[in-house]
Amino acid sequence: MLLKVAPAFSLVNSQVEPQSLPLFSSVPSAQSASSFLRLSSPSNGVGSAVVFASKGSENKPLTGVVFEPFEEVKKELNLVPTLPQVSLARQKFSEECEAAINQQINVESSISYGYHAMFAYFDRDNVALEGFAKFFNELSLRDRGQVEKLMRYQNKRGGRVQLLEISLPLSEFDHGVKGHALHAMEFALSMEKIANARLLHVHRIALRNHDAQLADFVESEFLSMQVEAIKKIAEHVSQLRRVGAGHGVWHFNQMLLRE
């Protein structure tokens, strides 16, 4: 904001009451040249403001403080797009950050798709592990919510969502040594670590492009939750390795069903 000095202008309110209690005041020493500022709120409800320049005991109104509109706005107005297909909200949002978000949307969509396939597998009548089906379905819905969150953020920053091709997930999780329960849980742990690594990649791109808002968005909305998910699934893998592929899987399934 620009401050100019006008030839004849004083900021004085005739309704000032010297005896009123000042809301804010700055009183200088009488021996040195200084200024005096008082903002008060009298009992009659009428606000007052006084600005003086003083030297010694001589008090005179300070002339020439004039506020003008932001000159910077004139430059910004030239940057406002006029084409209907161009975002009006976009500001300091690089193409690299926009592309990284679209890639993360693809990663989260692929993982959600994979969890949905795992849900369908454990819901089969010849597998019949309803607790595992419930667990993986909840993970699929969680990642679907993360996809929508990323889409909304992309639109908020003025970017364009571009949906990329999703790879075909596994549909069979039976394993001759580990069993299907442990094999699927280890697969889930690998997917969570991939998602976390890709989120850290988006965070690095945000820092490289000096996009503090995107970096904060990734930190506050994704990274903490991702670390918690990795810890929880890692514990499930350890427990399934301990119980083996036999009757212990059924008890583990009951535990997931009660959660």
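Author: A salt bridge here is a side-chain nitrogen of Lys or Arg within 4 Å of a carboxyl oxygen of Asp or Glu.

Reader: How many salt bridges does a search of the whole structure find?

Author: The search finds 12. This is a predicted model, where local features need pLDDT of at least 70 and side-chain atom pairs count only at pLDDT 80 or more, while totals for chains, interfaces and linings use all residues. Residues are numbered from 1 along each chain as its sequence is written, and side-chain values use heavy atoms, with hydrogens and water left out.

Reader: Which side chain meets Glu96 in a salt bridge?

Author: The partner of Glu96 is Arg208, at 2.3 Å from N to O. Glu96 sits in helix α2 and Arg208 in helix α4 (residues 180-208), so the pair links distant parts of the chain, 112 residues apart. Helices are DSSP runs of H or I, at least four residues long, numbered from the N terminus.

Reader: What does Glu186 pair with?

Author: Glu186 forms a salt bridge with Lys178, at 2.6 Å from N to O. Glu186 is buried, at 13% relative accessible area, whereas Lys178 is partly exposed at 34%.

Reader: Which residues are linked in a network?

Author: Arg142, Asp143 and Glu192 are linked in a network of salt bridges.

Reader: Changing topic. How do α2 and α3 pack?

Author: Helix α2 (residues 95-122) and helix α3 (residues 130-156) pack at about 160°, with axes 8 Å apart. That makes α2 roughly antiparallel to α3, the term for angles over 145 degrees. Axes are lines fitted to C-alpha atoms over the stretch in contact, and angles run from 0 to 180 degrees between N-to-C directions.

Reader: Where is Gln226?

Author: Gln226 lies in helix α5 (residues 212-243). At 1% relative accessibility, Gln226 counts as buried.

Reader: What is Gln226 in contact with, beyond its neighbours in sequence?

Author: Leaving aside neighbours within four places in sequence, Gln226 is in contact (heavy atoms within 4.5 Å) with Gln146, Glu192, Ala195, Asn196 and Leu199. Glu192 is also one of the residues in the salt-bridge network.

Terms used
Helix = DSSP H or I, 4+ residues; strand = E, 2+ residues; numbered from the N terminus. Parallel < 35°, antiparallel > 145°, perpendicular 65-115°, else oblique. Buried < 20%, exposed > 50% of the residue type's maximum accessible area, 1.4 Å probe, protein only.
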